Amino acid sequence: MVDLIPVDSQVINKLEKEIEGEIFSHANSRYKSEPRGKYQSTANFIAKPRNTKEISKIIKLANLIGFGVVPYAGGSGLVGGQISLSGHPLVLSLERINKVRSFDSVSGVINVEAGLILAQLKNICKDYGRLFPLTLASEGSCMIGGNLATNAGGVNVLKYGNARDLCFGLEAVLGDGRIYSDLKGLKKDNTGYDIKNLLIGSEGTLGIITAASLKTFSLTRNKAALVSVNSPSDAVELYEYLSSNLDLSLQAFELISRVGIEFLSSTGLMSSFPIAPSNGWLVLVEVGSKHEELLGDSFEVFLSDAMKRNLAKQVIISQNQKQFDYFWELRELIPEANRLIGSISNHDISLPLANLASFIQRASTEISQISDFLRINCFGHIGDGNLHFNVFPPVGKLKCEFECYEEIIREKINDLVVSLDGSISAEHGIGRFKREDMYKYTDPTKISLMKSIKDIFDPNSILNPGSIFLDSEPCN
């Protein structure tokens, strides 16, 4: 174990003597902040390597010289995994490592480098007549390496799973500089421990993902419906009814609150809405099929029946691509509206479906007991139990005036989540912002095992120091 030294101009001079080409520079504002603007990175220098071998060389030199390295993909993470809060590590950007290495038209497996932007990958797959289904609000800027490092979720987890479920194999640089290469693209490989799935979701603390073998799928024709419901409980019942009876593929099932609609309107992100929330709630449902004739008939029949069962109050089904896109724009702009309003406390949580509606009711009561004036925007991926439960100041007030409530809100919400057999982190990870919460609510044996794994993969703790673990040397 080494004490990590700050990366200054002298360290950069040493690195430049070992690695030719202009890959080191001062870190500008793009790499110094995170999306919610709460914190600024303490890192002063950035590296932009051009290939996996250069990353390996940087990591070996980091071990030799004794400085920390913070991997940086698209920078869209919401738990501070991409920024340092102490010390002066080297930021290592993946942006130059962004090629498509190969595509197998028989298996549909595509091998890509970690710096490829998600939206670009999706368009490339579409050109091949295939679908890469990972769908995130940040897909115009987030990169595949970051998606895998955080095991990203998104709106299509219901059908296709998280990022981990979309990956056959990885290439990565481990904490000692060794290159792990396993890009076979096999559905079945039981040759020992699953190293790939340790690296996925490790948030850059075990290795830097440099390439991946990814699954693609057949393209489908899709329809969406906006449905007003009386309550989250009715939304859960509607999901159970549709998922049990619908012959079509249920691809997404999203909960939207009246507050979310109000935020879209007040921030000017959207000015008109095709349907009003019934008693405060909407559901966005997406289905897909290779057979277009099934989409209209079957979907409409079951939604009509749901209305007869009083599970839905009003339904609008997309009639064309423009309307389909408009429905999804409404949902995907909610995080941006939240950012513009400015939240006091954010919660990315998951719950068993049976406890989801109870959580929303009880959590709302808990918040009202703190203050009647606080606003809640609860939305998310109800089909897989993942909610984003965010608390905001009253209308016309700034979040800084209510930050004194942040700690008690976080504690009450997390306590409730855990009491209902949920998780305090569903799809955003731990990063630097949720370390204390992870230690408080996670089985100590799991923490101990995680530290042991960290010690094996990254013996000098140079990779993303301060992320996930409470100190920069978690293995002591």
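pLDDT is the predictor's confidence in each residue, on a scale from 0 to 100, and a contact means heavy atoms within 4.5 Å. The views below show a predicted model, in which local features need pLDDT of at least 70 and side-chain atom pairs count only at pLDDT 80 or more, while totals for chains, interfaces and linings use all residues. Residues are numbered from 1 along each chain as its sequence is written, and side-chain values use heavy atoms, with hydrogens and water left out.

**View 1. Confidence along the protein chain.** The mean pLDDT of the protein chain is 94, and 98% of its residues reach 70 or more. Over residues 472-476, however, pLDDT stays under 50, and for this stretch the model has 17 contacts beyond four places in sequence. Where pLDDT is low, the predicted coordinates should not be read in detail.

**View 2. The mixed sheet of four strands.** The open sheet has the strand order S1-S2-S4-S3 with mixed pairing, where strands (E, at least two residues) and helices (H or I, at least four) are DSSP runs numbered from the N terminus, and two strands pair if DSSP finds at least two bridges between them. Strand S1 (24-26) and strand S3 (69-72) stand at the edges, each with a single partner strand, so one side of each is left without a neighbour in the sheet. Strand S2 (residues 45-47) pairs with strand S4 (residues 90-93) in the parallel sense over three bridges, and Ala47 has Leu92 as its bridge partner in S4. Helix H2 (residues 52-65) packs on the sheet and touches S1, S2, S3 and S4, its direction making about 165 degrees with that of S4; axes are lines fitted to C-alpha atoms, for helices over the stretch in contact, and angles run from 0 to 180 degrees between N-to-C directions.

**View 3. The antiparallel sheet of five strands.** This open sheet has the order S5-S6-S10-S8-S9, with antiparallel pairing. Its edge strands are strand S5 (100-103) and strand S9 (179-182), each of which pairs on one side only. Strand S8 (residues 167-174) is joined to S9 in the antiparallel sense over four bridges, and the bridge partner of Ala172 in S9 is Tyr180. Helix H3 (residues 118-127) packs on the sheet, touching S5, strand S6 (110-113) and strand S10 (207-214), and its direction makes about 150 degrees with that of S6.
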